[in-house]
Amino acid sequence: MYVHYAPPSSGVIVFLFWRELRLPAFACIGFDYICVSVLGMDSQKEALQRIITTLANKNEELHNFMETLSHSLAGVQVNSPQAVSDLEEEFDTLFTVLVEMKESMISTIKQEGAKKTQEIQHQLTQSGSALKSAVELLEFANKALDIKDEDEFTKAAKQIKDRVTMAPAFRLTMKPKATDNMNHLMVDFNQERQLLQNLRFLPVPRAPEIEVGDCLVLDNTVSVAWQMPVEDSKIDHYILEYRKTDHEGLPRIKDERCWEVVDNIKTTEYSLSGLKFDSKFMNFRVRACNKAAAGEYSDPVTLETRAFNFGFDSSSSHLNLKVEDRTVEWDPQGGKGLESKVKGKENKGSAHLTNLKNMSRSGTPSPKRTSATRSPAIRGGRDRFTGESYTVLGDTSMDCGQHYWEVKALKDCKSYSVGISYRNLGKFDQLGKTNTTWCIHINNWLQASFAAKHNNKAKNLDGAVPDRIGVFCDLDSGQLSFYNAETKQLIHTFKAKFSQPVVPAFMVWCGGLSLSTGMQVPSAVKSFQKTENGLGGSNSSLNSMAQ
(Lines give C-alpha, C1' and ligand atoms only; values in the text may rest on other atoms or scores of the structure.)
Protein backbone atom coordinates (compact mmCIF):
# COMPACT_ATOMS: atom_id res chain seq x y z
CA MET A 1 0.00 0.00 0.00
CA TYR A 2 1.16 3.60 -0.46
CA VAL A 3 0.51 7.09 0.79
CA HIS A 4 -0.38 9.60 -1.90
CA TYR A 5 -0.45 13.28 -1.04
CA ALA A 6 -1.55 15.82 -3.64
CA PRO A 7 -2.25 19.28 -2.16
CA PRO A 8 -4.79 21.14 -4.28
CA SER A 9 -3.39 23.41 -7.01
CA SER A 10 0.17 22.88 -5.80
CA GLY A 11 1.45 21.07 -8.88
CA VAL A 12 3.46 18.84 -6.53
CA ILE A 13 2.81 15.16 -5.87
CA VAL A 14 4.66 13.15 -3.24
CA PHE A 15 4.42 9.35 -3.12
CA LEU A 16 5.43 7.52 0.05
CA PHE A 17 5.39 3.78 -0.43
CA TRP A 18 4.64 1.42 2.48
CA ARG A 19 4.42 -2.29 2.92
CA GLU A 20 1.06 -3.24 4.36
CA LEU A 21 0.92 -5.47 7.42
CA ARG A 22 -2.04 -7.59 8.41
CA LEU A 23 -3.53 -4.80 10.51
CA PRO A 24 -6.96 -3.24 9.93
CA ALA A 25 -6.16 0.32 10.96
CA PHE A 26 -6.90 2.81 8.19
CA ALA A 27 -7.47 6.54 8.14
CA CYS A 28 -8.17 9.27 5.60
CA ILE A 29 -7.08 12.79 6.41
CA GLY A 30 -7.53 16.17 4.65
CA PHE A 31 -6.31 17.63 1.34
CA ASP A 32 -7.02 15.41 -1.63
CA TYR A 33 -6.40 12.34 0.46
CA ILE A 34 -3.85 10.62 2.70
CA CYS A 35 -4.00 6.90 3.36
CA VAL A 36 -2.06 5.51 6.33
CA SER A 37 -1.57 1.87 7.23
CA VAL A 38 -0.25 0.84 10.62
CA LEU A 39 3.10 -0.61 9.70
CA GLY A 40 5.91 -2.51 11.24
CA MET A 41 9.02 -0.68 12.32
CA ASP A 42 11.18 -1.97 9.46
CA SER A 43 8.69 -0.84 6.87
CA GLN A 44 8.36 2.55 8.53
CA LYS A 45 12.13 2.96 8.59
CA GLU A 46 12.25 2.15 4.91
CA ALA A 47 9.53 4.70 4.18
CA LEU A 48 11.22 7.26 6.42
CA GLN A 49 14.45 6.76 4.54
CA ARG A 50 12.60 7.66 1.35
CA ILE A 51 11.37 10.83 3.04
CA ILE A 52 14.93 11.68 4.00
CA THR A 53 16.09 11.15 0.42
CA THR A 54 13.27 13.35 -0.85
CA LEU A 55 14.18 16.08 1.64
CA ALA A 56 17.85 15.88 0.75
CA ASN A 57 17.03 16.21 -2.95
CA LYS A 58 14.75 19.14 -2.22
CA ASN A 59 17.53 20.79 -0.20
CA GLU A 60 19.89 20.47 -3.16
CA GLU A 61 17.22 21.88 -5.46
CA LEU A 62 16.74 24.80 -3.09
CA HIS A 63 20.49 25.44 -3.00
CA ASN A 64 20.59 25.56 -6.79
CA PHE A 65 17.55 27.83 -6.89
CA MET A 66 19.08 30.18 -4.32
CA GLU A 67 22.27 30.32 -6.38
CA THR A 68 20.16 31.33 -9.37
CA LEU A 69 18.43 34.02 -7.33
CA SER A 70 21.72 35.29 -5.92
CA HIS A 71 23.19 35.40 -9.42
CA SER A 72 20.17 37.33 -10.69
CA LEU A 73 20.28 39.68 -7.72
CA ALA A 74 23.95 40.41 -8.31
CA GLY A 75 23.21 40.98 -11.99
CA VAL A 76 20.43 43.44 -11.18
CA GLN A 77 22.69 45.31 -8.78
CA VAL A 78 25.40 45.54 -11.45
CA ASN A 79 23.25 46.13 -14.52
CA SER A 80 20.94 48.66 -12.92
CA PRO A 81 23.63 51.30 -12.17
CA GLN A 82 25.34 50.42 -15.46
CA ALA A 83 22.14 51.22 -17.31
CA VAL A 84 21.94 54.49 -15.37
CA SER A 85 25.51 55.32 -16.33
CA ASP A 86 24.89 54.59 -20.01
CA LEU A 87 21.79 56.70 -19.94
CA GLU A 88 23.58 59.62 -18.29
CA GLU A 89 26.29 59.51 -20.95
CA GLU A 90 23.66 59.78 -23.68
CA PHE A 91 21.93 62.63 -21.91
CA ASP A 92 25.17 64.56 -21.42
CA THR A 93 25.60 65.00 -25.18
CA LEU A 94 22.08 66.41 -25.55
CA PHE A 95 21.62 67.80 -22.08
CA THR A 96 20.18 71.15 -23.10
CA VAL A 97 17.32 69.44 -24.85
CA LEU A 98 16.88 66.38 -22.65
CA VAL A 99 17.34 67.85 -19.18
CA GLU A 100 13.65 67.65 -18.33
CA MET A 101 13.37 63.99 -19.37
CA LYS A 102 16.63 62.86 -17.84
CA GLU A 103 15.48 62.48 -14.25
CA SER A 104 12.28 60.81 -15.34
CA MET A 105 14.08 58.09 -17.24
CA ILE A 106 16.67 57.58 -14.50
CA SER A 107 13.82 57.22 -12.08
CA THR A 108 12.25 54.58 -14.31
CA ILE A 109 15.45 52.56 -14.33
CA LYS A 110 15.91 52.87 -10.59
CA GLN A 111 12.33 51.87 -9.99
CA GLU A 112 12.75 48.84 -12.20
CA GLY A 113 15.96 47.90 -10.42
CA ALA A 114 14.35 48.43 -7.03
CA LYS A 115 11.32 46.42 -8.08
CA LYS A 116 13.43 43.53 -9.29
CA THR A 117 15.66 43.74 -6.23
CA GLN A 118 12.64 43.64 -3.93
CA GLU A 119 11.09 40.70 -5.77
CA ILE A 120 14.31 38.69 -5.84
CA GLN A 121 15.16 39.50 -2.21
CA HIS A 122 11.66 38.43 -1.19
CA GLN A 123 12.08 35.12 -3.03
CA LEU A 124 15.53 34.72 -1.53
CA THR A 125 14.14 35.26 1.97
CA GLN A 126 11.34 32.75 1.35
CA SER A 127 13.80 30.21 -0.01
CA GLY A 128 16.11 30.68 2.97
CA SER A 129 13.25 30.14 5.37
CA ALA A 130 12.12 27.05 3.48
CA LEU A 131 15.64 25.68 3.45
CA LYS A 132 16.03 26.23 7.18
CA SER A 133 12.74 24.44 7.81
CA ALA A 134 13.73 21.58 5.52
CA VAL A 135 17.11 21.20 7.23
CA GLU A 136 15.45 21.07 10.66
CA LEU A 137 12.96 18.52 9.41
CA LEU A 138 15.76 16.46 7.88
CA GLU A 139 17.66 16.47 11.17
CA PHE A 140 14.51 15.47 13.05
CA ALA A 141 13.87 12.65 10.56
CA ASN A 142 17.42 11.36 10.93
CA LYS A 143 17.11 11.35 14.73
CA ALA A 144 13.81 9.50 14.44
CA LEU A 145 15.60 6.58 12.86
CA ASP A 146 17.31 5.94 16.19
CA ILE A 147 14.07 5.67 18.18
CA LYS A 148 13.76 2.16 19.55
CA ASP A 149 10.26 2.27 21.02
CA GLU A 150 7.81 1.27 18.31
CA ASP A 151 4.92 3.46 19.52
CA GLU A 152 7.17 6.45 19.90
CA PHE A 153 8.74 5.78 16.51
CA THR A 154 5.31 5.45 14.84
CA LYS A 155 4.26 8.72 16.42
CA ALA A 156 7.44 10.45 15.24
CA ALA A 157 7.12 9.03 11.74
CA LYS A 158 3.54 10.27 11.42
CA GLN A 159 4.57 13.67 12.73
CA ILE A 160 7.36 13.85 10.17
CA LYS A 161 5.01 12.80 7.37
CA ASP A 162 2.51 15.47 8.37
CA ARG A 163 5.24 18.11 8.50
CA VAL A 164 6.54 17.06 5.10
CA THR A 165 3.12 17.53 3.53
CA MET A 166 3.01 21.08 4.86
CA ALA A 167 6.71 21.92 4.34
CA PRO A 168 7.27 25.31 2.64
CA ALA A 169 10.00 23.75 0.48
CA PHE A 170 7.35 21.91 -1.53
CA ARG A 171 5.16 24.98 -1.98
CA LEU A 172 7.71 27.40 -3.40
CA THR A 173 7.71 28.34 -7.06
CA MET A 174 11.19 27.62 -8.41
CA LYS A 175 11.06 30.27 -11.14
CA PRO A 176 12.52 33.73 -10.40
CA LYS A 177 9.93 36.47 -10.47
CA ALA A 178 12.43 38.88 -12.01
CA THR A 179 15.58 38.66 -14.10
CA ASP A 180 18.76 40.71 -14.00
CA ASN A 181 18.33 41.96 -17.55
CA MET A 182 17.94 45.74 -17.83
CA ASN A 183 18.36 46.02 -21.59
CA HIS A 184 14.77 47.10 -22.06
CA LEU A 185 15.76 50.40 -20.45
CA MET A 186 18.43 51.28 -23.01
CA VAL A 187 18.09 54.07 -25.56
CA ASP A 188 19.58 55.04 -28.92
CA PHE A 189 19.34 58.70 -29.90
CA ASN A 190 20.63 58.39 -33.48
CA GLN A 191 17.15 58.26 -34.99
CA GLU A 192 15.38 60.09 -32.20
CA ARG A 193 17.19 63.45 -32.07
CA GLN A 194 14.40 65.08 -34.09
CA LEU A 195 11.74 63.52 -31.88
CA LEU A 196 13.10 64.24 -28.44
CA GLN A 197 9.81 65.45 -27.07
CA ASN A 198 8.30 62.01 -27.78
CA LEU A 199 11.31 59.99 -26.65
CA ARG A 200 10.54 56.60 -25.11
CA PHE A 201 12.55 53.53 -24.26
CA LEU A 202 13.13 51.47 -27.35
CA PRO A 203 11.16 48.21 -27.51
CA VAL A 204 13.23 45.13 -26.79
CA PRO A 205 12.44 41.91 -28.69
CA ARG A 206 10.56 39.29 -26.79
CA ALA A 207 12.24 35.99 -26.02
CA PRO A 208 12.15 33.51 -28.92
CA GLU A 209 10.71 30.04 -28.43
CA ILE A 210 12.88 27.11 -29.44
CA GLU A 211 10.87 24.49 -31.33
CA VAL A 212 12.20 21.29 -29.78
CA GLY A 213 10.25 19.13 -32.22
CA ASP A 214 12.03 20.79 -35.14
CA CYS A 215 15.50 20.47 -33.64
CA LEU A 216 17.60 17.65 -35.08
CA VAL A 217 20.73 15.86 -33.92
CA LEU A 218 22.18 13.90 -36.84
CA ASP A 219 25.64 13.07 -38.21
CA ASN A 220 27.37 15.10 -35.48
CA THR A 221 25.37 18.13 -36.55
CA VAL A 222 22.83 19.87 -34.33
CA SER A 223 20.12 21.90 -36.05
CA VAL A 224 18.21 24.30 -33.80
CA ALA A 225 14.97 26.01 -34.86
CA TRP A 226 12.98 28.71 -33.10
CA GLN A 227 10.23 31.25 -33.66
CA MET A 228 9.04 34.52 -32.16
CA PRO A 229 5.88 34.40 -30.04
CA VAL A 230 4.61 37.37 -32.08
CA GLU A 231 5.86 38.75 -35.37
CA ASP A 232 8.46 41.50 -34.91
CA SER A 233 9.62 43.26 -38.07
CA LYS A 234 12.31 45.21 -36.21
CA ILE A 235 14.42 42.18 -35.35
CA ASP A 236 17.84 42.52 -36.97
CA HIS A 237 19.46 39.22 -36.02
CA TYR A 238 19.61 36.42 -33.45
CA ILE A 239 22.28 35.18 -31.08
CA LEU A 240 22.54 31.45 -30.41
CA GLU A 241 24.45 30.19 -27.38
CA TYR A 242 25.32 26.59 -26.60
CA ARG A 243 27.47 24.53 -24.27
CA LYS A 244 28.22 20.90 -23.63
CA THR A 245 27.18 19.28 -20.39
CA ASP A 246 26.75 15.91 -18.74
CA HIS A 247 23.72 17.09 -16.75
CA GLU A 248 20.28 16.31 -18.09
CA GLY A 249 17.61 18.94 -17.68
CA LEU A 250 17.83 22.70 -17.30
CA PRO A 251 21.27 24.37 -17.37
CA ARG A 252 22.93 25.07 -14.06
CA ILE A 253 24.31 28.45 -13.06
CA LYS A 254 27.59 26.91 -11.96
CA ASP A 255 28.52 24.63 -14.84
CA GLU A 256 32.05 23.58 -15.64
CA ARG A 257 31.76 24.75 -19.25
CA CYS A 258 31.13 28.22 -20.64
CA TRP A 259 28.53 29.22 -23.18
CA GLU A 260 29.78 29.50 -26.73
CA VAL A 261 28.23 32.17 -28.94
CA VAL A 262 27.11 32.29 -32.58
CA ASP A 263 26.22 35.88 -33.44
CA ASN A 264 24.49 37.64 -36.35
CA ILE A 265 22.15 34.82 -37.38
CA LYS A 266 19.64 36.20 -39.88
CA THR A 267 17.17 33.30 -39.94
CA THR A 268 15.21 31.41 -37.30
CA GLU A 269 17.32 28.27 -37.55
CA TYR A 270 20.96 27.36 -37.37
CA SER A 271 23.06 24.19 -37.74
CA LEU A 272 26.27 23.47 -35.85
CA SER A 273 28.22 20.93 -37.88
CA GLY A 274 31.42 18.98 -37.36
CA LEU A 275 30.83 18.67 -33.63
CA LYS A 276 32.57 16.12 -31.47
CA PHE A 277 30.02 14.62 -29.13
CA ASP A 278 32.18 14.17 -26.05
CA SER A 279 29.38 15.03 -23.63
CA LYS A 280 26.01 13.42 -23.03
CA PHE A 281 23.99 16.57 -23.68
CA MET A 282 24.15 20.10 -25.07
CA ASN A 283 22.26 23.16 -23.78
CA PHE A 284 20.91 25.75 -26.23
CA ARG A 285 19.36 29.19 -25.83
CA VAL A 286 18.67 32.02 -28.26
CA ARG A 287 17.87 35.72 -28.06
CA ALA A 288 16.60 38.24 -30.60
CA CYS A 289 18.26 41.60 -31.27
CA ASN A 290 17.07 44.80 -32.87
CA LYS A 291 19.27 47.78 -33.73
CA ALA A 292 19.31 48.88 -30.10
CA ALA A 293 19.46 45.92 -27.79
CA ALA A 294 19.23 42.19 -27.27
CA GLY A 295 16.11 40.71 -25.74
CA GLU A 296 15.66 38.05 -23.12
CA TYR A 297 17.01 34.56 -23.66
CA SER A 298 14.61 31.87 -24.69
CA ASP A 299 13.89 29.09 -22.25
CA PRO A 300 16.93 26.83 -22.61
CA VAL A 301 16.58 23.37 -24.09
CA THR A 302 18.76 20.32 -23.61
CA LEU A 303 19.41 17.93 -26.50
CA GLU A 304 20.99 14.51 -26.16
CA THR A 305 24.35 14.12 -27.91
CA ARG A 306 25.55 10.71 -26.80
CA ALA A 307 28.25 9.01 -28.84
CA PHE A 308 30.98 6.42 -28.36
CA ASN A 309 34.09 8.03 -26.89
CA PHE A 310 37.31 6.19 -26.19
CA GLY A 311 41.07 6.50 -26.49
CA PHE A 312 44.02 4.20 -26.92
CA ASP A 313 44.88 2.28 -23.77
CA SER A 314 48.56 3.15 -23.42
CA SER A 315 48.97 0.94 -20.36
CA SER A 316 48.33 -2.19 -22.42
CA SER A 317 50.13 -1.41 -25.67
CA HIS A 318 53.15 -3.10 -27.16
CA LEU A 319 56.45 -1.65 -25.99
CA ASN A 320 57.30 -0.50 -29.52
CA LEU A 321 54.18 1.65 -29.80
CA LYS A 322 54.13 5.28 -28.75
CA VAL A 323 50.58 5.95 -27.60
CA GLU A 324 48.74 9.19 -26.96
CA ASP A 325 45.03 9.64 -26.40
CA ARG A 326 44.09 9.89 -30.08
CA THR A 327 47.24 8.70 -31.92
CA VAL A 328 49.49 5.66 -31.91
CA GLU A 329 52.86 5.48 -33.68
CA TRP A 330 55.42 2.77 -34.25
CA ASP A 331 58.54 3.51 -32.20
CA PRO A 332 61.52 1.35 -33.26
CA GLN A 333 63.48 2.70 -30.30
CA GLY A 334 60.89 1.58 -27.78
CA GLY A 335 63.36 -1.05 -26.54
CA LYS A 336 66.42 1.18 -26.80
CA GLY A 337 67.27 0.94 -23.12
CA LEU A 338 67.04 -2.83 -23.05
CA GLU A 339 70.46 -3.69 -24.41
CA SER A 340 72.39 -2.76 -21.28
CA LYS A 341 69.93 -4.68 -19.16
CA VAL A 342 70.37 -7.79 -21.27
CA LYS A 343 74.17 -7.78 -21.16
CA GLY A 344 74.24 -9.27 -17.67
CA LYS A 345 72.00 -12.17 -18.64
CA GLU A 346 73.14 -15.69 -19.34
CA ASN A 347 73.68 -17.10 -22.83
CA LYS A 348 69.97 -17.80 -23.08
CA GLY A 349 69.49 -14.09 -23.61
CA SER A 350 72.06 -13.75 -26.38
CA ALA A 351 69.55 -14.20 -29.17
CA HIS A 352 67.47 -11.39 -27.78
CA LEU A 353 70.54 -9.11 -27.57
CA THR A 354 71.39 -9.84 -31.20
CA ASN A 355 67.90 -8.81 -32.26
CA LEU A 356 68.17 -5.57 -30.28
CA LYS A 357 71.39 -4.71 -32.08
CA ASN A 358 69.77 -5.48 -35.41
CA MET A 359 66.93 -3.18 -34.42
CA SER A 360 69.37 -0.36 -33.67
CA ARG A 361 71.10 -0.76 -37.06
CA SER A 362 68.00 -1.07 -39.24
CA GLY A 363 65.89 1.68 -37.66
CA THR A 364 62.54 0.11 -38.71
CA PRO A 365 62.92 -3.65 -38.42
CA SER A 366 60.59 -6.19 -39.94
CA PRO A 367 58.08 -7.60 -37.48
CA LYS A 368 59.67 -11.03 -37.88
CA ARG A 369 63.07 -9.67 -36.80
CA THR A 370 61.82 -8.27 -33.50
CA SER A 371 62.44 -10.38 -30.41
CA ALA A 372 59.55 -12.19 -28.78
CA THR A 373 61.47 -13.16 -25.66
CA ARG A 374 61.62 -9.90 -23.72
CA SER A 375 61.38 -10.57 -19.99
CA PRO A 376 58.69 -8.93 -17.87
CA ALA A 377 61.34 -7.09 -15.84
CA ILE A 378 62.84 -5.53 -18.98
CA ARG A 379 59.41 -4.52 -20.32
CA GLY A 380 58.87 -2.40 -17.23
CA GLY A 381 55.34 -3.67 -16.71
CA ARG A 382 54.06 -2.98 -20.25
CA ASP A 383 53.80 -6.65 -21.13
CA ARG A 384 50.17 -6.80 -22.25
CA PHE A 385 51.34 -7.40 -25.85
CA THR A 386 54.77 -8.47 -27.01
CA GLY A 387 56.59 -10.26 -29.78
CA GLU A 388 55.05 -9.58 -33.19
CA SER A 389 51.71 -8.54 -31.68
CA TYR A 390 52.14 -4.78 -32.20
CA THR A 391 48.74 -4.20 -30.69
CA VAL A 392 46.95 -1.56 -28.66
CA LEU A 393 43.35 -1.81 -27.50
CA GLY A 394 40.75 0.86 -26.85
CA ASP A 395 40.22 1.88 -23.25
CA THR A 396 36.42 1.44 -23.35
CA SER A 397 34.51 -1.78 -23.94
CA MET A 398 31.17 -2.29 -25.71
CA ASP A 399 28.54 -4.84 -24.72
CA CYS A 400 25.45 -3.61 -26.58
CA GLY A 401 24.17 -1.00 -28.99
CA GLN A 402 25.58 0.58 -32.14
CA HIS A 403 28.94 2.36 -32.20
CA TYR A 404 31.02 4.14 -34.80
CA TRP A 405 34.54 5.54 -35.01
CA GLU A 406 37.05 6.42 -37.73
CA VAL A 407 40.75 5.70 -38.22
CA LYS A 408 43.25 7.41 -40.51
CA ALA A 409 46.70 6.06 -41.30
CA LEU A 410 49.52 8.55 -40.89
CA LYS A 411 51.76 9.23 -43.88
CA ASP A 412 53.76 6.26 -45.24
CA CYS A 413 52.38 3.74 -42.73
CA LYS A 414 53.75 0.34 -43.77
CA SER A 415 51.29 -2.00 -42.08
CA TYR A 416 48.24 -1.66 -39.85
CA SER A 417 45.00 -3.38 -38.80
CA VAL A 418 41.72 -1.97 -37.54
CA GLY A 419 38.99 -3.98 -35.84
CA ILE A 420 37.66 -5.29 -32.55
CA SER A 421 38.67 -7.93 -30.04
CA TYR A 422 37.72 -9.54 -26.78
CA ARG A 423 39.80 -8.25 -23.88
CA ASN A 424 41.32 -11.67 -23.27
CA LEU A 425 43.47 -11.45 -26.39
CA GLY A 426 46.78 -13.21 -25.70
CA LYS A 427 49.98 -11.22 -25.48
CA PHE A 428 51.44 -12.93 -28.57
CA ASP A 429 48.15 -13.03 -30.51
CA GLN A 430 47.79 -10.95 -33.65
CA LEU A 431 44.58 -9.33 -34.85
CA GLY A 432 42.65 -11.49 -37.27
CA LYS A 433 44.55 -14.66 -36.40
CA THR A 434 42.29 -15.77 -33.55
CA ASN A 435 38.58 -16.55 -33.33
CA THR A 436 38.09 -13.59 -30.94
CA THR A 437 39.40 -10.85 -33.24
CA TRP A 438 37.95 -9.32 -36.42
CA CYS A 439 39.78 -6.76 -38.53
CA ILE A 440 40.78 -5.46 -41.90
CA HIS A 441 44.50 -5.41 -42.55
CA ILE A 442 46.45 -3.09 -44.84
CA ASN A 443 50.02 -3.90 -45.81
CA ASN A 444 52.09 -1.46 -47.88
CA TRP A 445 55.47 -3.11 -47.26
CA LEU A 446 57.10 -5.28 -49.94
CA GLN A 447 53.90 -6.83 -51.36
CA ALA A 448 50.82 -4.65 -50.89
CA SER A 449 47.64 -6.30 -49.60
CA PHE A 450 44.18 -5.27 -48.39
CA ALA A 451 42.26 -8.03 -46.61
CA ALA A 452 39.60 -8.87 -44.04
CA LYS A 453 40.88 -11.25 -41.36
CA HIS A 454 39.33 -13.47 -38.71
CA ASN A 455 40.29 -16.78 -37.12
CA ASN A 456 43.49 -16.96 -39.21
CA LYS A 457 41.49 -16.71 -42.42
CA ALA A 458 41.88 -13.82 -44.85
CA LYS A 459 39.75 -12.51 -47.68
CA ASN A 460 41.32 -10.12 -50.17
CA LEU A 461 39.29 -6.97 -50.66
CA ASP A 462 38.70 -5.14 -53.90
CA GLY A 463 39.22 -1.46 -54.44
CA ALA A 464 41.70 1.09 -53.15
CA VAL A 465 42.41 1.58 -49.46
CA PRO A 466 40.50 4.70 -48.31
CA ASP A 467 42.26 7.55 -46.55
CA ARG A 468 39.91 7.18 -43.59
CA ILE A 469 38.21 3.99 -42.48
CA GLY A 470 34.88 4.07 -40.66
CA VAL A 471 34.14 1.23 -38.24
CA PHE A 472 30.52 0.37 -37.44
CA CYS A 473 29.91 -2.12 -34.65
CA ASP A 474 26.35 -3.31 -34.06
CA LEU A 475 26.51 -5.64 -31.10
CA ASP A 476 22.75 -6.15 -30.96
CA SER A 477 22.64 -7.66 -34.45
CA GLY A 478 26.14 -9.20 -34.28
CA GLN A 479 27.66 -7.18 -37.07
CA LEU A 480 30.97 -5.42 -37.71
CA SER A 481 31.24 -3.32 -40.87
CA PHE A 482 34.01 -1.21 -42.37
CA TYR A 483 33.31 1.80 -44.60
CA ASN A 484 35.10 4.37 -46.65
CA ALA A 485 34.64 7.23 -44.19
CA GLU A 486 34.44 9.85 -46.93
CA THR A 487 32.01 8.16 -49.35
CA LYS A 488 30.32 5.82 -46.84
CA GLN A 489 30.85 2.97 -49.31
CA LEU A 490 30.85 -0.45 -47.63
CA ILE A 491 34.21 -2.22 -47.61
CA HIS A 492 33.44 -5.40 -45.71
CA THR A 493 31.05 -6.86 -43.12
CA PHE A 494 31.57 -9.57 -40.52
CA LYS A 495 28.67 -11.42 -38.91
CA ALA A 496 29.30 -12.91 -35.48
CA LYS A 497 27.55 -13.76 -32.24
CA PHE A 498 29.57 -11.85 -29.66
CA SER A 499 29.48 -13.69 -26.35
CA GLN A 500 31.58 -11.14 -24.47
CA PRO A 501 32.07 -7.37 -24.47
CA VAL A 502 34.46 -6.22 -27.19
CA VAL A 503 36.96 -3.36 -27.43
CA PRO A 504 38.34 -1.48 -30.44
CA ALA A 505 41.66 -3.02 -31.45
CA PHE A 506 44.53 -1.75 -33.57
CA MET A 507 47.85 -3.02 -34.91
CA VAL A 508 50.45 -0.70 -36.40
CA TRP A 509 54.00 -1.28 -37.64
CA CYS A 510 56.33 1.28 -39.15
CA GLY A 511 53.91 4.19 -39.20
CA GLY A 512 51.00 5.47 -37.16
CA LEU A 513 47.23 5.85 -36.81
CA SER A 514 45.01 8.72 -35.74
CA LEU A 515 41.65 8.11 -34.13
CA SER A 516 38.36 10.04 -34.33
CA THR A 517 35.68 9.30 -31.74
CA GLY A 518 32.66 11.05 -30.27
CA MET A 519 30.83 10.33 -33.53
CA GLN A 520 27.24 9.32 -34.10
CA VAL A 521 26.53 6.46 -36.46
CA PRO A 522 26.27 8.29 -39.82
CA SER A 523 22.79 8.35 -41.31
CA ALA A 524 24.15 6.91 -44.57
CA VAL A 525 25.49 3.92 -42.66
CA LYS A 526 22.20 3.44 -40.82
CA SER A 527 20.25 3.57 -44.07
CA PHE A 528 22.57 1.09 -45.73
CA GLN A 529 22.36 -1.33 -42.81
CA LYS A 530 18.55 -1.25 -42.89
CA THR A 531 18.40 -2.15 -46.56
CA GLU A 532 21.27 -4.62 -46.55
CA ASN A 533 20.15 -8.25 -46.72
CA GLY A 534 22.89 -10.66 -45.75
CA LEU A 535 26.56 -9.76 -45.64
CA GLY A 536 28.43 -7.04 -47.52
CA GLY A 537 30.48 -8.64 -50.28
CA SER A 538 31.33 -12.31 -50.50
CA ASN A 539 32.55 -12.78 -46.98
CA SER A 540 30.58 -15.76 -45.77
CA SER A 541 33.77 -17.73 -45.23
CA LEU A 542 34.73 -15.31 -42.47
CA ASN A 543 31.47 -15.49 -40.53
CA SER A 544 31.89 -16.83 -37.05
CA MET A 545 30.29 -18.10 -33.91
CA ALA A 546 32.54 -16.31 -31.43
CA GLN A 547 33.18 -18.12 -28.20
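Glutamate 46 counts as partly exposed because its relative accessibility is 35%, where partly exposed lies between buried (under 20% relative accessible area) and exposed (over 50%), with a 1.4 Å probe and protein chains only. The model is a predicted one, in which local features need pLDDT of at least 70 and side-chain atom pairs count only at pLDDT 80 or more, while totals for chains, interfaces and linings use all residues. Residues are numbered from 1 along each chain as its sequence is written, and side-chain values use heavy atoms, with hydrogens and water left out.

**Salt bridges**

- The whole structure holds nine salt bridges, each defined as a side-chain nitrogen of Lys or Arg within 4 Å of a carboxyl oxygen of Asp or Glu.
- Glutamate 46 pairs with arginine 50 in one of these bridges, at 2.8 Å from N to O; the two residues are four apart, about one turn, in helix α1 (residues 41–93), and arginine 50 is partly exposed at 32% relative accessibility.
- Lysine 266 and aspartate 236 form a salt bridge at 3.6 Å, N to O, and because lysine 266 lies in the loop between β9 (260–265) and β10 (269–272) and aspartate 236 in the loop between β7 and β8 (237–245), the pair ties together parts that are 30 residues apart in sequence.
- Of that pair, lysine 266 is exposed, with a relative accessible area of 53%, whereas aspartate 236 is partly exposed at 22%.
- Glutamate 304 and arginine 306 also meet in a salt bridge, at 2.5 Å from N to O, and Lys158, Lys161 and Asp162 are linked in a network of such bridges.

**Positive phi values**

- Aspartate 219, in the loop between β6 (216–218) and β7 (221–227), has a positive phi near 55 degrees although the residue is not glycine, and aspartate 219 is partly exposed at 33%.
- Cysteine 510, in the loop between β24 (502–509) and β25 (512–516), likewise has a positive phi near 55 degrees, but cysteine 510 is buried at 11% relative accessibility.

**Chain as a whole**

- The protein chain has seven helices and 25 strands, taken as DSSP runs (H or I of at least four residues for helices, E of at least two for strands) and numbered from the N terminus.
- Of its 547 residues, 45% count as buried.
- Among contacts (heavy atoms within 4.5 Å) in the protein chain with a separation of 6 or more, 67% join residues 24 or more positions apart.
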